[in-house]
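I opened a notebook for this one and went through it topic by topic. Here is what I looked up, in order.

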Amino acid sequence: MKNNLIKEDKKYVWHPFTQMSDWVKDEPSTPVVIEKGRGNYIYDVNGKKYLDGVSSLWVTLHGHANRVINRRISQQLSKIAHSTFLGLTHGPAVKLAKELVKITPQGLTRVFYSDNGSTAVEIALKMAYQYWHQTEKKSKRDRFLSLKNAYHGDTIGSVSVGGIDLFHSIFRPLLYKTYYAPSPYCYRCRFRVRGYDFGVHSKNFLEHCRRMGCKGQCVKEFEKILKKYHKRIAAVVLEPMIQGAAGMLTMPPGYLKEIDSIRRKYKTLLICDEVATGFGRTGKMFATEFENIKPDFLCLAKGITGGYLPLAATLATEKIYRGFLGKYEEFKTFFHGHTYTANPLGCAAALANLEIFRKSKVLKKLPEKIGHMSKELKKLAQMECVGNIRQLGLMVGIELVKDKKKIVDFSAQQKTGARVCAECRKYGLMIRPLSNVIVLMPPLSITNHEISRMIAIVRKCILKICKK
Ligand SMILES: Cc1ncc(COP(=O)(O)O)c(C=O)c1O
């Protein structure tokens, strides 16, 4: 049955972020056919069990087949699976909006639903643009300020503010122009912080920069751009505290605060994309809490349903919301909406997710797990081909390099990251790399014992693959 499925998969399916000519040749490993999930584990059709080390692409929070979420979805299913949100409303979406407003940074009062992280960002970008055009006389704001290495999703609008050349450069001719400030995880940081880097190695931003031998160049560049172009910039968009898809690039403490005060000085809006960092991944409910940032927009997806269903939310302030009010015939309406917007099953799952956070005191249990993860990761820091380890909460990037002293990267042909992850599968660990960065992002329900096991497998596989 498995062979037949794989055969038909290879014949009919096109997988995301996958070189299909490798996939059909079983490169770097034979496709695994997943059948079920229980707790922190997923199982293939042959009954082999894998620890879900990347939370099924950064979504699962409280484990698979969670009883509370299953029950809440079933209860909702017995009522209605879907009803449009255009011109109608329903209980789960209203309750969820109220809860999201309660737990997100102060000032965010309105919830606009969609289906995934890309649309959550796309909506914030469109709202910011339209807001200015409806509230500022002869507004010229048709651009955004983003960071190099940024990732905000795969739709054309969110790709336009993306800063990862590998994913985005081919589409440049299709994209609107965006200004880019340097990534705070700069060249200097990468090559000077050797071994282990919690992202908390100094108390404030400038101290961090001094240690790195620079003078906060990334913030200076950011301000330079805003000073020159602020009249054209609708909003600053960024992933707070950690640039995930770029390889878990952590921001030095204080950086976000600096950026926030500069963008306030130039009266620009701020969009915080917490698609990856939201819902406890960093150890806090939201990464914006680290530096008490109050953005104008907050983008949520991935973990919002505990990893169950495609649902996303873009939160906005009352000031933004009011910019869209007017008489019908003024057409200030936000003309945007997806067919499955605010899907009731998704909203029921999201409410169950928040219920678990509350009742099981999930956030309180995290510091111990995060500390245990740090302790275990330190064991990898001295390995010959581990250039740098970055961690924020339960988000981890282990960067593999060919030569640690001279900092030489493995070539793309070597597919080192992919081969290490393929090797891990043999030992019952399912992870997925970002190029040569081994990513670990387990469910929040992971135990210390499972963390130790996960790191031990990663260690063994790095040793084996990097030696070859
Ligand atoms: C920060 C961030 N924004 C947006 C997205 C896009 O989310 P989705 O894949 O649900 O469209 C991602 C996905 O990894 C992300 O990490």
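The entries below run from the whole chain down to single residues.

**Entry 1: the whole chain**

I noted first that this is a predicted model. I then looked up the secondary structure, and the protein chain has 17 helices and 17 strands. Next came the radius of gyration, which is 22 Å. The globule rule gives 23 Å for 468 residues, so the chain is as compact as a globular protein of that length. I also took the box along the principal axes: the C-alpha atoms fill roughly 65 × 60 × 45 Å.

How much of the chain is buried? I found 48% of the 468 residues in that class. I then checked the contacts between residues at least 6 apart in sequence, and 74% of them join residues at least 24 apart.

**Entry 2: the two domains**

I looked up the domain assignment next. Domain 1 is given as 32-62 + 361-467, and domain 2 as 70-359. Their centres, taken over C-alpha atoms, are 26 Å apart. I counted the residues in the contact: domain 1 puts in 35 and domain 2 puts in 31.

Which elements supply the side of domain 1 that touches domain 2? I listed those with at least two residues there: helix H3 (55-58), helix H15 (362-381), strand E14 (386-392), strand E15 (395-400) and strand E17 (437-440). H15 gives the most, with 9 residues. I sorted this side of domain 1 by class and got 21 nonpolar, 11 polar and 3 charged residues.

**Entry 3: strand E8 and its partners**

I then followed its pairings. Strand E5 (residues 143-147) runs parallel to E8, joined by 3 bridges. Across that pairing, Phe144 stands opposite Ala235 in E8. Strand E11 (residues 269-273) also runs parallel to E8, here with 4 bridges. I looked up the partner of Val236 and found Leu270 in E11.

**Entry 4: the sheet with E1**

I traced an open sheet of 4 strands in the order E1-E2-E3-E16, with mixed pairing. Which strands stand at the edges? They are E1 and E16, each with a single partner strand, so one side of each has no neighbour in the sheet. I checked E1 against strand E2 (residues 41-44): they pair in the antiparallel sense over 4 bridges. Arg38 stands opposite Tyr41 of E2.

**Entry 5: helix H16**

Is helix H16 (residues 416-426) largely enclosed or largely open? I found 8 of its 11 residues buried, so the rest of the structure largely encloses H16. The buried ones are Thr416, Gly417, Arg419, Val420, Cys421, Ala422, Glu423 and Cys424. I noted that charged residues are on this list, among them Arg419 and Glu423. The buried residues pack against E15, strand E16 (429-430), E17 and helix H17 (448-467). Just after H16 I came to Gly428, which takes a positive phi of about 85°.

I went to the loop between helix H2 (20-23) and strand E1 (34-38), where Pro28 has its place. The peptide bond joining Glu27 and Pro28 is cis, with omega about -5°. Asp26 is found in the loop between H2 and E1 as well. Its phi is near 60°, a positive value in a residue other than glycine. Is Asp26 buried or exposed? I counted 12 C-beta neighbours inside 10 Å, so Asp26 counts as exposed.

My last stop was Ser435, in the loop between E16 and E17. Ser435 is not a glycine, yet its phi is positive, about 55°. With 19 C-beta neighbours inside 10 Å, Ser435 counts as partly exposed, because a buried residue needs 20 or more.

Note on methods: Residues are numbered from 1 along each chain as its sequence is written. This is a predicted model: local features need pLDDT of at least 70, side-chain atom pairs count only at pLDDT 80 or more; totals for chains, interfaces and linings use all residues. Domain bounds come from an automatic or database domain assignment. Two residues are in contact if their C-beta atoms, placed from the backbone, lie within 7 Å. The radius of gyration is taken over C-alpha atoms; the globule rule is 2.2 Å times the number of residues to the power 0.38. Two strands pair if DSSP finds at least two bridges between them.
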